[in-house]
Amino acid sequence: MKILNDKIQKQIGQFVADDYRTAAVFSRYGIDFCCKGQRTIEEVCNKKDIETSQLLDELEVLLNSKTDQTIDYKSWPLDLLVDYIEKKHHRYVEEKIPVLLQFLDKLCKVHGERHPELFKINELFKESATDLAAHMKKEELILFPFVKKMVAAKIGETTIRTPKFGAVINPIEMMKQEHDNEGERFRQIAQLTNHYSPPQDACNTYQVTYAMLQEFEQDLHLHIHLENNILFPKAMKLEQQFG
């Protein structure tokens, strides 16, 4: 009974941090595991009217299946995780945004009259492009370097000074709020695109654009999960050692 209660009270984000494969299960149920990963299984099942035992059974089957493809991000050193996020996810965003902006502009010109939702999708993605660029720079110039300094200080390579932003929770809370904003934006984009299903009269560019938007959202979910559920809690815990 205690084991079942522990699972019901376990946070969604912790399930995904322990094994990223569980993200696919949560996604099937429309459960946000990145921005809203702090909710428990019990909370999310009550809110979405999901049968708790059914969700737990699906998670159990998946967790008991073995695969060599599962990446244990939680075990990585913090400085490695920071470098990975920057080089994989930040670069991905920087590479895909110009292409998607170009494609969305083209779709609005060619198909906007018959599909007016394209204008709102374009507007939302442009807002996302602007905000993500600023968001990533704040991480790369302020938060990430401080995390690396803490790691270096812990292994005795350097000493550490209190940064201008004070405690690390201050920039972290700002980053989490910005993550929430992006999560909400892409929920709207997913809805407007009928969950990335192109209409029957869609040309190749239309189909490619929707596929790219879906891939962009999936990458963003992993990106935010790695920060919200693994990097940020570990950074706050590490900072306490210098108290």
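Visitor: Is Asn 122 buried or exposed?
Guide: Asn 122 sits in helix H7, residues 117–154; helices here are DSSP runs (H or I, at least four residues), numbered from the N terminus. Buried means under 20% relative accessible area and exposed over 50%, with partly exposed in between (1.4 Å probe, protein chains only). Asn 122 has 6% relative accessibility, so the label is buried.

Visitor: How confident is the prediction, and in which helix is confidence highest?
Guide: The chain averages a pLDDT of 92, and 96% of the residues score at least 70. Confidence is lowest in helix H1 (residues 2–9), with a mean of 74. At the other end, with 97, is helix H6 (residues 78–111).

Visitor: How does the length of H8 compare with expectation: what separates its end C-alpha atoms?
Guide: The expected span of a helix is 1.5 Å times one less than its number of residues. H8 has 24 residues, so it should span 34 Å. The model agrees, with its end C-alpha atoms apart by 35 Å.

Visitor: What do the buried residues of H8 pack against?
Guide: The buried residues of H8 include Pro 171, Met 175, Phe 186 and Ile 189, and also Glu 178, His 179, Glu 182 and Arg 185. After H8 comes Asn 194, with a positive phi near 55°. As for the packing, the buried residues of H8 lie against H7 and H9.

Visitor: Which elements give two or more residues to the lining of the largest cavity?
Guide: On a 1 Å grid over the protein atoms alone, a cavity is a set of points where a 1.4 Å probe fits but cannot get out, and lining residues have an atom within 4 Å of a point. The whole structure has one cavity of 30 Å³ or more, and the largest has a volume of about 40 Å³, meaning the space filled by probe spheres set on points joined across faces, edges and corners. Its lining is Leu 132, His 135, Glu 178, His 179, Glu 182, Leu 220, His 223 and Ile 224. The elements are H7, helix H8 (169–192) and helix H9 (204–240).

Visitor: Which element gives the most to the lining of the largest pocket?
Guide: A pocket is an open set with protein on both sides within 12 Å along at least five of seven lines, and the largest holds about 730 Å³. Of its 27 lining residues, the closest to the centre are Ser 27, Ile 31, Phe 33, Glu 217 and His 221. Helix H3 (22–28), helix H4 (41–48), H8 and H9 each give two or more residues. With four residues, the most comes from H9.

Visitor: And how many residues does H9 give to the lining of the second largest pocket?
Guide: That pocket has about 290 Å³ of space. Of its 17 lining residues, Gly 37, Gln 38, Lys 176, Asn 228 and Asn 229 are the closest to its centre. H9 gives the most here too, and its number of residues is five.

Terms used: Residues are numbered from 1 along each chain as its sequence is written. This is a predicted model: local features need pLDDT of at least 70, side-chain atom pairs count only at pLDDT 80 or more; totals for chains, interfaces and linings use all residues. Side-chain values use heavy atoms; hydrogens and water are left out. Contact means heavy atoms within 4.5 Å. pLDDT is the predictor's confidence in each residue, from 0 to 100.
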